[in-house]
Amino acid sequence: MEKTNKKPVNQGDYFVSLAPHIRSDDTVSKIMLDVIIALVPAMIASVFFFGLRSILIIGVAVFFAVGTEYIFQRAAHKEIRIKDLSAVVTGILLAFNVPASAPLWMVAFGSIFAIIIVKECFGGIGGNFMNPALAARVVLMASWPNQMTDYINPDGVSAATPLAIIKESGGEGLPALSKMIIGDIGGVIGETCAIALILGGIYLIVRKVIDWKTPVIYILTTAIVLAIFKIPFNILPYEIFGGGLLLGAFFMATDYSSSPMNSRGKLIFAIGCGVITAVIRAKGGLPEGVSYSILLMNVATPLIDKLTRTEAYGPKKVQR
């Protein structure tokens with residue numbers, strides 16, 4: 001169910017509103033603020049490991065996301081919605097999906113693409129059929145693959161990510177697992193620190209912004225399918241803590257607009273994301289598969305909603 005800011009009409013001692021009759025004090029801005037708070041640990045970790053360059057990338061991404069949304073809505077004579085903070089979240093998530101060496105103009109382009117093409121052209125918040133930040137990441141990866149894969153370690157030296165090492169050498173030369181958990185490895189700026197992402201995910205679950213089932217089932221499915229593909233058990237922790245699995249599971253697969261509406265649909269969505277991620281990682285040519293898996297399941301969401309649709313309350317209509 002999409003939350004709305006519309007207030008019911010007061011009729012004396014009664015409230016008159018359309019079904020379903022669920023009252024909630026949540027607003028888009030409150031939910032987005034919770035997401036931003038949940039992303040703060042990962043932001044701090046990115047600054048600690050990648051320095052001021054991380055702040056610059058996040059700032060540029062957020063500035064162009066918010067600015068683009070304002071300009072587009074004003075030009076289209078639509079209600080200005082930048083105060084709902086959704087563009088801020090899109091900017092942060094996009095920044096988290098690029099390496100510290102990414103050119104700032106490329107980050108700006110990604111934010112503009114995410115807001116105009118993926119979000120506003122489909123009606124704005126609640127209308128986008130896929131996650132804007134992930135869609136922009138895939139476009140950046142397809143357009144400028146060299147810049148998007150120019151990963152550097154926190155010491156500033158270019159290095160392959162742990163998943164790339166697994167893909168190329170089967171795991172020989174992997175960093176210590178402890179380094180992966182705290183974030184002292186190469187990769188995009190928002191995915192390296194597993195602890196920070198888990199803390200943010202727990203915060204969202206406790207605040208009931210997201211349901212724990214989607215991220216947990218997504219991660220477990222990925223691990224199980226990778227095990228079926230005979231990925232060594234000593235490599236599985238690297239597959240879970242490495243790459244964008246935690247970032248995608250907690251912050252992108254749970255997007256309200258582009259994920260199924262009911263519990264059964266969310267279960268199918270999470271399992272689908274996990275299976276596709278594992279297949280790409282184990283059998284595909286790419287070391288990572290989170291972005292593509294979530295986007296593919298985003299596209300399948302309308303079908304999932306149709307197949308898992310529940311019966312409406314009330315008497316069944318008689319066919320004549």
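## An aromatic cluster

W105, F109, F113 and W144 come together as one aromatic cluster. Here, rings of Phe, Tyr and Trp (its six-membered ring) pair if their centres lie within 6.5 Å, with planes under 30 degrees apart called stacked, over 60 edge-to-face and the rest tilted. Before we go on, a word on the model: it is predicted, so local features need pLDDT of at least 70 and side-chain atom pairs count only at pLDDT 80 or more, while totals for chains, interfaces and linings use all residues. Residues are numbered from 1 along each chain as its sequence is written, and side-chain values use heavy atoms, with hydrogens and water left out.

How many aromatic pairs does a search of the whole structure find? The search finds six. One of them joins F48 and F49, and because their planes stand at 85°, with 5.0 Å between ring centres, this pair is edge-to-face. F109 and W144 also make an edge-to-face pair, at 5.4 Å centre to centre and 85° between the planes. F109 sits in helix α4 (residues 104-119), whereas W144 is in the loop between α5 (132-143) and α6 (145-148), so this pair ties together parts that are 35 residues apart in sequence. Helices here are DSSP runs of H or I with at least four residues, numbered from the N terminus.

## How open are these rings?

For exposure, buried means under 20% relative accessible area, exposed means over 50%, and partly exposed lies in between (1.4 Å probe, protein chains only). Are F48 and F49 buried or exposed? F48 counts as exposed because its relative accessibility is 67%, but F49, at 14%, counts as buried.

Helix α1 covers residues 28-50, which makes 23 residues. From its first C-alpha to its last it reaches 31 Å, close to the expected 33 Å; that expected span is 1.5 Å times one less than the number of residues. Where does the kink in α1 lie? It lies at V40, shortly before the proline P41, and amounts to about 35°. The bend at a residue is taken as the angle between axes fitted to the seven residues ending there and the seven starting there. Just after α1, G51 adopts a positive phi of about 75°.

## Salt bridges across the chain

Side chains of opposite charge can pair when their charged atoms come close. A salt bridge here is a side-chain nitrogen of Lys or Arg within 4 Å of a carboxyl oxygen of Asp or Glu, and a search of the whole structure turns up seven. One of them pairs K119 with E69, with the closest N and O atoms 2.6 Å apart. This pair links distant parts of the chain, K119 in helix α4 and E69 in helix α2 (residues 52-75), 50 residues apart. Both K119 and E69 are buried.

E120 forms a salt bridge with K78, the closest N and O atoms being 2.9 Å apart. That pair again links distant parts of the chain: E120 is in the loop between α4 and α5, K78 in the loop between α2 and α3, and 42 residues separate them. E120 counts as buried because its relative accessibility is 4%, while K78 is partly exposed at 31%. R281 and E288 also meet through their side chains in a salt bridge (2.8 Å, N to O). R281 and E288 are both buried. Salt bridges with shared partners join E239, R281 and E288 into one network.

## Cysteines

A disulfide is a covalent bond between the sulfur atoms of two cysteines. How many disulfides are there by the distance rule? With a pair of cysteine sulfur atoms required to lie within 2.5 Å, the count is zero. C121 counts as partly exposed at 48% relative accessibility, and C193 counts as buried at 10%.

T90 has its place in helix α3 (residues 86-96) and, at 10% relative accessibility, counts as buried. Leaving out residues up to four places away in sequence, T90 touches A114, I115, P132 and A133, where contact means heavy atoms within 4.5 Å.

S178 belongs to helix α8 (residues 177-182) and is partly exposed, with a relative accessible area of 47%. S178 and A194 are 16 residues apart in sequence, and 9.9 Å separates their C-alpha atoms.

Methods: Helices (H or I, at least four residues) and strands (E, at least two) are DSSP runs, numbered from the N terminus.
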